[in-house]
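Please read this briefing beside the structure, starting with the strand pairing and moving on to the core and the loops.

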Amino acid sequence: MLKTIERLLFPEFCYICGRDKTDDFVVCGECGQNLHYFDNSIGMSAHRDESMPVFIDRMNAVFIYDKHIRKLFYQYKSMGKKHVADYFLDQILKQIDFSLYDIDFISFVPLHWTKKIKRGFNQSQLIAKKLGLILNVENVNFLIKNRTTKAQKDVNFADRHINAIGSYSIFRSKAHLLKDVSILLVDDVFTTGATLNECARIFKKNGVKNVFSLTVGITNDKK
Ligand SMILES: [Zn+2]
């Protein structure tokens, strides 16, 4: 019986190369070795578009978003393999030194409700929730996505911040919590930073002192 449960919880194949495997991890040892990590010591390069004001005080990311990590995200987001979140969390804790931060709240980039219903869960919210439990920091859903926008991946880099502007706001009932606090804002992938920057702008407008971003992936693309 226990074996059956384990089989349900853990994949029998590597989510990157697809080969059979017997251990409990979502990627095989070989694929795990070949993943590329972002260098968090470079810190403040919070966005790629220099015409855009920066509202993120410090960014953090785990993996360079390459074709291997893309496969892992496919299993996580499109195939609904939620246990990939635990692998991501493990890697987040290995790569990022949270003792550097004084964080009052963890939050995340919301999906529009129609998209959340379609996918069944918010991939960033799940990571934020698990991270909050480990760091003992309250995870709060502060942001609401007002309108459906084109997926950022379908918009030119130059137009992404325009696409993001005005699409998020703060839940009025929670706005009073935001004065002079520091927030760790979680999203899945940092591309131009337009979405995270827009969310950070809204937080700052509502009195937040610091916004630190955390993404699992970051692209190597330059504008
Ligand atoms: Zn593999």
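In this predicted model, Asn60 has Leu214 of strand S7 as its bridge partner. That pair belongs to the contact between S1 and S7, two strands that pair in the parallel sense over 6 bridges. The chain as a whole has 8 helices and 7 strands, and 35% of its 223 residues count as buried.

**The sheet**

- The strands S1-S7-S6-S2-S3, in that order, form an open sheet of 5 strands with parallel pairing.
- S1 and S3 each have a single partner strand and stand at the edges, so one side of each is left without a neighbour in the sheet.
- Although S1 stands at an edge, 5 of its 7 residues are buried, so this strand is largely enclosed by the rest of the structure.
- S2 is joined to S3 by 2 bridges, the two strands running parallel, and within this pairing Phe105 stands opposite Glu138 of S3.
- Strand S2 also pairs with S6 in the parallel sense, here over 4 bridges, and Ile106 is found opposite Leu184 of S6.
- S6 and S7 run parallel and are joined by 8 bridges, with Asp187 standing opposite Thr215 of S7.
- From S6 the chain passes through H8 to reach S7, and this β-α-β crossover is right-handed.
- In general, the strands of a sheet pair through backbone hydrogen bonds, in either a parallel or an antiparallel manner.

**The helix on the sheet**

- The pairing of S2 with S3, where 2 bridges join the strands, is part of a sheet on which H8 packs, touching S6 and S7, and the direction of this helix makes about 165 degrees with that of S6.

**The nonpolar core**

- The largest nonpolar core has 51 residues, of which Leu185, Val186, Cys199 and Val211 touch the most other members.
- At least two residues of this core are supplied by each of several elements, including strand S1 (58-64), helix H3 (67-78), helix H4 (84-95), strand S2 (105-108), helix H8 (194-205) and strand S7 (210-218).
- The largest share of the core comes from S6, which gives 6 residues.
- Domain 1 (1-34) and domain 2 (36-218) both give residues to this core, so the core lies between them.
- S6 itself is mostly covered, with 7 of its 9 residues buried.
- Leaving aside neighbours within four places in sequence, Leu185 is in contact with a set of residues that includes Phe108, Val109, Leu196, Cys199, Ala200, Val211 and Leu214.
- Across the chain, considering contacts between residues at least 6 apart in sequence, 76% join residues that are at least 24 apart.

**Two loop residues with positive phi**

- Asn136 is found in the loop between helix H6 (123-135) and strand S3 (138-139), and its phi is near 60 degrees, a positive value in a residue other than glycine.
- Why does Asn136 count as exposed? Asn136 has 6 C-beta neighbours inside 10 Å, and a residue is exposed if that number is 12 or fewer.
- Asp180 lies in the loop between strand S5 (168-170) and strand S6 (182-190), and Asp180 has a positive phi of about 60 degrees although it is not a glycine.
- Is Asp180 buried or exposed? With 9 other C-beta atoms within 10 Å, Asp180 is exposed.

How values were computed
Residues are numbered from 1 along each chain as its sequence is written. This is a predicted model: local features need pLDDT of at least 70, side-chain atom pairs count only at pLDDT 80 or more; totals for chains, interfaces and linings use all residues. A residue is buried if 20 or more other C-beta atoms lie within 10 Å of its own, exposed if 12 or fewer, and partly exposed in between; C-beta atoms are placed from the backbone. Two residues are in contact if their C-beta atoms, placed from the backbone, lie within 7 Å. A nonpolar core is a set of buried Ala, Val, Leu, Ile, Met, Phe, Trp, Tyr and Cys residues joined through C-beta atoms within 7 Å. Domain bounds come from an automatic or database domain assignment. Two strands pair if DSSP finds at least two bridges between them. A crossover is right-handed if, with the strands pointing away from the viewer, the path from the first strand over the helix to the second runs clockwise. Axes are lines fitted to C-alpha atoms, for helices over the stretch in contact, and angles run from 0 to 180 degrees between N-to-C directions.
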